[in-house]
Number of protein chains: 2
Amino acid sequence: MRIGELARRTNVSERSLRYYEKQGMLSAERTPGGHREYPEAAVDRVIRIQELFAAGLCSEKIVQLLPCMRDTDGGPSVRATPDLVADLTAERARIDRMIADLVRSRDTLDEVIEAARLS
Amino acid sequence: MRIGELARRTNVSERSLRYYEKQGMLSAERTPGGHREYPEAAVDRVIRIQELFAAGLCSEKIVQLLPCMRDTDGGPSVRATPDLVADLTAERARIDRMIADLVRSRDTLDEVIEAARLS
DNA sequence: CTTGAATCTGACATGAGTGTCAGGTTCTAG
DNA sequence: CTAGAACCTGACACTCATGTCAGATTCAAG
(Lines give C-alpha, C1' and ligand atoms only; values in the text may rest on other atoms or scores of the structure.)
Protein backbone atom coordinates (compact mmCIF):
# COMPACT_ATOMS: atom_id res chain seq x y z
CA MET A 1 0.00 0.00 0.00
CA ARG A 2 1.05 3.60 -0.34
CA ILE A 3 1.83 6.12 2.34
CA GLY A 4 -1.56 7.78 2.25
CA GLU A 5 -3.41 4.59 2.97
CA LEU A 6 -0.94 3.58 5.68
CA ALA A 7 -1.40 6.97 7.30
CA ARG A 8 -5.15 6.61 7.23
CA ARG A 9 -5.16 3.08 8.56
CA THR A 10 -2.74 3.74 11.40
CA ASN A 11 -3.89 7.23 12.20
CA VAL A 12 -0.31 8.40 11.93
CA SER A 13 0.59 11.33 9.70
CA GLU A 14 2.53 10.87 6.49
CA ARG A 15 5.09 13.20 7.97
CA SER A 16 5.67 10.83 10.86
CA LEU A 17 5.86 7.77 8.62
CA ARG A 18 8.63 9.40 6.60
CA TYR A 19 10.33 10.32 9.83
CA TYR A 20 10.16 6.73 11.03
CA GLU A 21 11.82 5.65 7.84
CA LYS A 22 14.61 8.18 8.16
CA GLN A 23 15.23 6.99 11.71
CA GLY A 24 15.45 3.42 10.49
CA MET A 25 12.31 2.16 12.17
CA LEU A 26 10.31 1.51 9.05
CA SER A 27 11.32 0.51 5.55
CA ALA A 28 9.50 0.58 2.26
CA GLU A 29 9.96 -0.58 -1.28
CA ARG A 30 9.93 2.10 -3.90
CA THR A 31 8.01 2.27 -7.15
CA PRO A 32 10.07 3.09 -10.24
CA GLY A 33 9.02 6.69 -9.73
CA GLY A 34 10.19 6.78 -6.12
CA HIS A 35 6.91 6.43 -4.27
CA ARG A 36 6.93 4.30 -1.13
CA GLU A 37 5.19 0.94 -1.26
CA TYR A 38 4.46 -0.69 2.09
CA PRO A 39 3.64 -4.31 2.84
CA GLU A 40 0.54 -5.16 4.82
CA ALA A 41 2.66 -5.84 7.91
CA ALA A 42 3.62 -2.17 8.04
CA VAL A 43 0.30 -1.39 9.68
CA ASP A 44 1.11 -3.47 12.74
CA ARG A 45 4.64 -2.22 12.84
CA VAL A 46 3.58 1.42 12.85
CA ILE A 47 1.11 0.76 15.62
CA ARG A 48 3.86 -0.90 17.64
CA ILE A 49 6.13 2.03 17.07
CA GLN A 50 3.46 4.39 18.31
CA GLU A 51 2.94 2.32 21.43
CA LEU A 52 6.65 2.32 22.16
CA PHE A 53 6.80 6.07 21.67
CA ALA A 54 3.90 6.42 24.06
CA ALA A 55 5.87 4.31 26.50
CA GLY A 56 8.62 6.90 26.40
CA LEU A 57 11.20 5.05 24.33
CA CYS A 58 13.20 7.18 21.95
CA SER A 59 13.74 6.38 18.29
CA GLU A 60 17.18 4.98 18.94
CA LYS A 61 15.96 2.38 21.42
CA ILE A 62 13.08 1.45 19.18
CA VAL A 63 15.46 0.94 16.29
CA GLN A 64 17.44 -1.50 18.37
CA LEU A 65 14.36 -3.19 19.71
CA LEU A 66 12.34 -3.73 16.56
CA PRO A 67 14.50 -6.42 14.95
CA CYS A 68 14.34 -8.41 18.19
CA MET A 69 10.57 -8.48 18.21
CA ARG A 70 8.58 -11.41 17.02
CA ASP A 71 7.25 -10.38 13.65
CA THR A 72 3.54 -10.40 13.06
CA ASP A 73 4.03 -13.24 10.62
CA GLY A 74 5.93 -15.17 13.26
CA GLY A 75 9.14 -14.84 11.28
CA PRO A 76 12.59 -15.26 12.77
CA SER A 77 13.87 -12.59 15.10
CA VAL A 78 17.26 -11.29 16.13
CA ARG A 79 18.49 -12.07 19.62
CA ALA A 80 18.94 -9.04 21.88
CA THR A 81 22.47 -8.35 23.09
CA PRO A 82 23.18 -8.27 26.84
CA ASP A 83 23.61 -4.50 26.69
CA LEU A 84 20.27 -4.09 25.02
CA VAL A 85 18.65 -6.41 27.53
CA ALA A 86 20.00 -4.26 30.34
CA ASP A 87 18.59 -1.17 28.64
CA LEU A 88 15.24 -2.78 28.09
CA THR A 89 15.06 -4.01 31.65
CA ALA A 90 15.58 -0.45 32.83
CA GLU A 91 12.92 0.74 30.43
CA ARG A 92 10.59 -1.91 31.73
CA ALA A 93 11.04 -0.64 35.27
CA ARG A 94 10.38 2.88 34.05
CA ILE A 95 7.21 1.76 32.36
CA ASP A 96 6.08 0.07 35.56
CA ARG A 97 6.55 3.29 37.46
CA MET A 98 4.76 5.16 34.72
CA ILE A 99 1.78 2.84 34.95
CA ALA A 100 1.67 3.28 38.71
CA ASP A 101 1.72 7.06 38.26
CA LEU A 102 -1.04 6.89 35.70
CA VAL A 103 -3.21 4.82 37.96
CA ARG A 104 -2.74 7.33 40.75
CA SER A 105 -3.61 10.19 38.42
CA ARG A 106 -6.66 8.32 37.19
CA ASP A 107 -7.74 7.83 40.79
CA THR A 108 -7.27 11.54 41.39
CA LEU A 109 -9.49 12.38 38.43
CA ASP A 110 -12.08 9.86 39.57
CA GLU A 111 -12.18 11.45 42.97
CA VAL A 112 -12.78 14.90 41.53
CA ILE A 113 -15.34 13.65 39.02
CA GLU A 114 -17.17 11.72 41.67
CA ALA A 115 -17.18 14.67 44.06
CA ALA A 116 -18.76 16.81 41.34
CA ARG A 117 -21.32 14.16 40.48
CA LEU A 118 -22.60 14.20 44.05
CA SER A 119 -24.04 17.67 43.75
CA MET B 1 10.83 25.30 53.76
CA ARG B 2 12.83 26.94 51.01
CA ILE B 3 13.02 26.05 47.38
CA GLY B 4 16.25 24.12 47.65
CA GLU B 5 14.87 21.74 50.24
CA LEU B 6 11.62 21.31 48.34
CA ALA B 7 13.57 20.51 45.21
CA ARG B 8 15.64 17.96 47.04
CA ARG B 9 12.67 16.31 48.73
CA THR B 10 10.54 16.08 45.61
CA ASN B 11 13.33 15.41 43.17
CA VAL B 12 12.05 18.28 41.04
CA SER B 13 14.41 21.02 39.93
CA GLU B 14 14.19 24.52 41.33
CA ARG B 15 13.67 25.67 37.79
CA SER B 16 10.53 23.57 37.52
CA LEU B 17 9.20 24.69 40.89
CA ARG B 18 9.45 28.32 39.81
CA TYR B 19 7.77 27.38 36.57
CA TYR B 20 4.92 25.73 38.46
CA GLU B 21 4.45 28.91 40.41
CA LYS B 22 4.37 31.07 37.32
CA GLN B 23 1.74 28.76 35.83
CA GLY B 24 -0.35 29.09 38.96
CA MET B 25 0.01 25.51 40.14
CA LEU B 26 2.02 26.22 43.23
CA SER B 27 2.13 29.19 45.56
CA ALA B 28 4.58 30.29 48.18
CA GLU B 29 4.92 32.89 50.85
CA ARG B 30 7.84 35.21 50.54
CA THR B 31 10.43 36.23 53.11
CA PRO B 32 10.97 39.98 53.49
CA GLY B 33 13.87 39.60 51.10
CA GLY B 34 11.81 37.84 48.46
CA HIS B 35 12.82 34.23 48.98
CA ARG B 36 10.07 31.60 48.60
CA GLU B 37 8.85 29.91 51.75
CA TYR B 38 6.83 26.73 51.23
CA PRO B 39 4.52 24.95 53.66
CA GLU B 40 5.04 21.25 54.37
CA ALA B 41 2.05 20.38 52.16
CA ALA B 42 3.94 21.64 49.13
CA VAL B 43 5.83 18.37 48.96
CA ASP B 44 2.69 16.37 48.29
CA ARG B 45 1.37 18.94 45.91
CA VAL B 46 4.51 18.92 43.80
CA ILE B 47 4.45 15.15 43.63
CA ARG B 48 0.83 15.28 42.50
CA ILE B 49 1.70 17.80 39.85
CA GLN B 50 4.45 15.57 38.55
CA GLU B 51 2.10 12.62 38.37
CA LEU B 52 -0.44 14.64 36.45
CA PHE B 53 2.24 15.84 34.05
CA ALA B 54 3.28 12.25 33.57
CA ALA B 55 -0.33 11.46 32.81
CA GLY B 56 -0.18 13.93 29.96
CA LEU B 57 -2.22 16.77 31.43
CA CYS B 58 -1.05 20.24 30.53
CA SER B 59 -0.45 23.02 33.03
CA GLU B 60 -3.75 24.64 32.25
CA LYS B 61 -5.79 21.55 33.11
CA ILE B 62 -3.78 20.97 36.24
CA VAL B 63 -4.42 24.53 37.34
CA GLN B 64 -8.15 23.93 37.02
CA LEU B 65 -7.95 20.56 38.65
CA LEU B 66 -5.84 21.29 41.70
CA PRO B 67 -8.36 23.35 43.67
CA CYS B 68 -10.92 20.58 43.19
CA MET B 69 -8.69 17.97 44.77
CA ARG B 70 -9.01 16.88 48.34
CA ASP B 71 -6.14 18.56 50.12
CA THR B 72 -3.66 16.47 51.98
CA ASP B 73 -4.94 17.94 55.21
CA GLY B 74 -8.48 17.00 54.25
CA GLY B 75 -9.38 20.64 53.86
CA PRO B 76 -12.36 21.88 51.88
CA SER B 77 -12.26 21.60 48.13
CA VAL B 78 -13.86 23.44 45.25
CA ARG B 79 -16.53 21.67 43.25
CA ALA B 80 -15.61 20.99 39.62
CA THR B 81 -17.79 22.70 37.02
CA PRO B 82 -19.64 20.57 34.46
CA ASP B 83 -17.26 21.73 31.73
CA LEU B 84 -14.28 20.70 33.77
CA VAL B 85 -15.89 17.37 34.55
CA ALA B 86 -16.35 16.75 30.85
CA ASP B 87 -12.71 17.60 30.28
CA LEU B 88 -11.53 15.37 33.06
CA THR B 89 -13.69 12.50 31.87
CA ALA B 90 -12.04 12.74 28.48
CA GLU B 91 -8.64 12.85 30.14
CA ARG B 92 -9.56 9.81 32.14
CA ALA B 93 -10.36 7.89 28.98
CA ARG B 94 -7.08 9.00 27.50
CA ILE B 95 -5.23 7.79 30.56
CA ASP B 96 -6.97 4.45 30.29
CA ARG B 97 -5.82 4.10 26.72
CA MET B 98 -2.35 5.17 27.75
CA ILE B 99 -2.21 2.49 30.42
CA ALA B 100 -3.32 -0.13 27.92
CA ASP B 101 -0.59 1.00 25.53
CA LEU B 102 2.00 0.85 28.27
CA VAL B 103 0.98 -2.64 29.24
CA ARG B 104 1.32 -3.74 25.64
CA SER B 105 4.74 -2.13 25.38
CA ARG B 106 5.80 -3.76 28.61
CA ASP B 107 4.68 -7.11 27.26
CA THR B 108 6.70 -6.46 24.13
CA LEU B 109 9.80 -5.75 26.18
CA ASP B 110 9.19 -8.82 28.30
CA GLU B 111 8.99 -10.95 25.21
CA VAL B 112 12.29 -9.66 23.88
CA ILE B 113 14.00 -9.90 27.26
CA GLU B 114 12.73 -13.42 27.77
CA ALA B 115 13.80 -14.49 24.30
CA ALA B 116 17.31 -13.24 25.05
CA ARG B 117 17.38 -14.95 28.45
CA LEU B 118 16.74 -18.32 26.81
CA SER B 119 20.08 -18.38 25.10
C1' DC C 1 -2.20 13.64 -23.65
C1' DT C 2 -4.19 15.85 -19.82
C1' DT C 3 -5.42 16.79 -15.43
C1' DG C 4 -6.02 16.42 -10.67
C1' DA C 5 -4.82 13.67 -6.73
C1' DA C 6 -1.05 11.72 -4.43
C1' DT C 7 3.62 11.65 -3.40
C1' DC C 8 8.41 13.31 -3.18
C1' DT C 9 12.35 16.12 -0.67
C1' DG C 10 13.90 19.67 2.18
C1' DA C 11 13.54 23.27 5.34
C1' DC C 12 11.70 25.79 8.99
C1' DA C 13 8.38 26.15 12.99
C1' DT C 14 6.09 24.51 17.23
C1' DG C 15 5.08 23.04 21.91
C1' DA C 16 5.93 22.51 26.77
C1' DG C 17 8.57 21.41 30.23
C1' DT C 18 13.18 21.65 31.50
C1' DG C 19 18.39 22.93 31.52
C1' DT C 20 21.52 26.49 32.05
C1' DC C 21 23.84 30.74 32.39
C1' DA C 22 24.47 35.63 33.86
C1' DG C 23 24.35 39.14 37.02
C1' DG C 24 22.52 40.59 41.16
C1' DT C 25 20.45 40.11 46.06
C1' DT C 26 19.51 37.78 50.48
C1' DC C 27 20.49 34.80 54.13
C1' DT C 28 23.27 32.76 57.79
C1' DA C 29 27.19 31.03 60.27
C1' DG C 30 31.43 32.52 62.25
C1' DC D 1 31.09 42.61 59.42
C1' DT D 2 31.99 39.15 56.11
C1' DA D 3 32.32 35.20 53.23
C1' DG D 4 30.01 31.87 50.91
C1' DA D 5 25.87 29.36 50.22
C1' DA D 6 21.33 29.89 48.68
C1' DC D 7 18.12 32.40 46.21
C1' DC D 8 16.20 35.91 42.83
C1' DT D 9 14.77 37.25 37.79
C1' DG D 10 15.15 36.97 33.01
C1' DA D 11 16.61 35.15 28.84
C1' DC D 12 18.02 31.79 25.69
C1' DA D 13 18.69 26.73 24.29
C1' DC D 14 17.25 22.12 23.95
C1' DT D 15 14.54 17.91 23.00
C1' DC D 16 12.24 15.41 19.56
C1' DA D 17 8.29 13.99 17.52
C1' DT D 18 5.24 16.43 14.70
C1' DG D 19 3.08 20.31 11.83
C1' DT D 20 3.40 22.88 7.79
C1' DC D 21 4.76 24.94 3.57
C1' DA D 22 6.96 25.21 -1.06
C1' DG D 23 8.13 23.56 -5.31
C1' DA D 24 8.72 19.58 -8.09
C1' DT D 25 7.52 14.87 -9.69
C1' DT D 26 4.67 10.69 -10.26
C1' DC D 27 0.49 8.14 -10.65
C1' DA D 28 -3.95 6.87 -12.51
C1' DA D 29 -8.23 7.81 -14.69
C1' DG D 30 -10.63 9.93 -18.58
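Tutor: The radius of gyration used here is taken over C-alpha atoms, and the globule rule is 2.2 Å times the number of residues to the power 0.38. The structure above is a predicted model.

Student: What radius of gyration does chain A have, against that of a compact globule of 119 residues?

Tutor: For a compact globule of 119 residues the rule gives a value near 14 Å. The C-alpha trace of chain A spans about 65 × 40 × 25 Å along its principal axes. The radius of gyration of chain A is 19 Å.

Student: What percentage of the residues of chain A count as buried?

Tutor: A residue is buried if 20 or more other C-beta atoms lie within 10 Å of its own. Among the 119 residues of chain A, the share that counts as buried is 25%.

Student: Which pattern do the helices and strands of chain A follow along the sequence?

Tutor: Chain A contains five helices and two strands. Read along the sequence, their pattern is α-α-β-β-α-α-α.

Student: Why are the two copies related as by a two-fold rotation axis?

Tutor: Two copies of a chain are related by a rotation about an axis and a shift along it. Chain B is superposed on chain A, with an RMSD of 0.1 Å, by a rotation of 180 degrees with 0.0 Å of shift along its axis. The two copies are thus related as by a two-fold rotation axis.

Student: Which residue of chain B comes closest to the rotation axis?

Tutor: The distance is taken to the C-alpha atom, and the value is 3.0 Å. The residue of chain B at that distance is B:I99.

Student: Which element gives the most to the side of chain B that touches chain A?

Tutor: The contact takes 34 residues from chain B and 35 residues from chain A. On the side of chain B, the elements that give two or more residues are α3 (42-54) and α5 (82-117). With 21 residues, the one that gives the most is α5(B).

Student: How many residues on that side of chain B are nonpolar?

Tutor: By class, the side of chain B that touches chain A has five polar and eleven charged residues. Its nonpolar residues number 18.

Student: Which residues come nearest to DNA strand D?

Tutor: There are 20 residues around DNA strand D, and they divide into five nonpolar, ten polar and five charged. Both α2 (14-23) of chain A and α1 (3-10) of chain B supply at least two residues of this surface. The residues that come nearest are A:S13, A:G33, B:R2, B:G4 and B:R36.

Definitions and conventions
Residues are numbered from 1 along each chain as its sequence is written. Chains are lettered from A and ligands numbered from 1 in the order in which they are written. This is a predicted model: local features need pLDDT of at least 70, side-chain atom pairs count only at pLDDT 80 or more; totals for chains, interfaces and linings use all residues. Two residues are in contact if their C-beta atoms, placed from the backbone, lie within 7 Å. Helices (H or I, at least four residues) and strands (E, at least two) are DSSP runs, numbered from the N terminus. Ala, Val, Leu, Ile, Met, Phe, Trp, Tyr, Cys and Pro count as nonpolar, Asp, Glu, Lys and Arg as charged, and the others, Gly among them, as polar. A residue is near a molecule or strand if its C-beta atom, placed from the backbone, lies within 6 Å of it. A residue is buried if 20 or more other C-beta atoms lie within 10 Å of its own, exposed if 12 or fewer, and partly exposed in between; C-beta atoms are placed from the backbone. Copies are superposed by least squares on the C-alpha atoms of residues with pLDDT of at least 70 in both.
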